[in-house]
Amino acid sequence: QVQVVESGGGLVQAGGSLRLSCAASGRSFSRTAMGWFRQAPGKEREFVAAISWSGDSTYHADSVKGRFTISRDNSKNTVYLQMNSLKSEDTAVYYCAAKAVWAGRSRTYDDYQEYDYWGQGTQVTVSS
């Protein structure tokens, strides 16, 4: 079992920055891949970014490449999403998710159905 809690959301002007944090507890965090997803009103949940359990591999959606960066600190059991050059279309509830990793399990990170544990979400609102 893994519990994840997001923080860092808020209201920011277009072009500004925010850093989201996701604190995880429970099973060994270092053996858990982590992802960020977002969901805007009336839209499907979409992939934003993911990071492997070791932190060696990162993945970002095309819509955020060059603007958002995912990272993790296993000593603090925390994952971060640095968001720069924010746009109004980035407005959404952002969710952190954890995916247990074991030998033979799929290495797909951009499908929300692959994740096992979810946080409650944090609202990000970008005003234009």
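Predicted model: local features only at pLDDT ≥ 70, side-chain atom pairs only at ≥ 80, totals over all residues.

User: How many disulfides does the structure hold?

Analyst: One. Cys22 and Cys96 form the disulfide, with their sulfur atoms 2.0 Å apart.

User: And which hand does the link of Cys22 and Cys96 have?

Analyst: Left-handed, with -80 degrees about the S-S bond. Cys22 sits in strand S3 (residues 18-26) and Cys96 in strand S9 (residues 92-100), so the pair ties together parts 74 residues apart in sequence.

User: Is Cys22 buried or exposed?

Analyst: Cys22 is buried, and Cys96 is buried too.

User: Switching to the sheet. In what order do the four strands run?

Analyst: The order is S1-S3-S8-S7. The sheet is open, and its pairing is antiparallel.

User: Which strands stand at the edges?

Analyst: Strand S1 (2-7) and strand S7 (68-73). Each has a single partner strand, so one side of each is left without a neighbour in the sheet.

User: By how many degrees are neighbouring strands turned against each other?

Analyst: On average 15 degrees, direction ignored.

User: Back to S7. How many bridges join S7 to S8?

Analyst: Six. S8 covers residues 78-83, and the two strands run antiparallel.

User: What stands opposite Thr69?

Analyst: Gln82, in S8.

Note on methods: Residues numbered from 1 in each chain as written. Heavy atoms only, no water. Disulfide = S-S within 2.5 Å. Buried < 20%, exposed > 50% of the residue type's maximum accessible area, 1.4 Å probe, protein only. Pairing = 2+ DSSP bridges. Axes fitted to C-alpha atoms, helices over the stretch in contact; angles between N-to-C directions.
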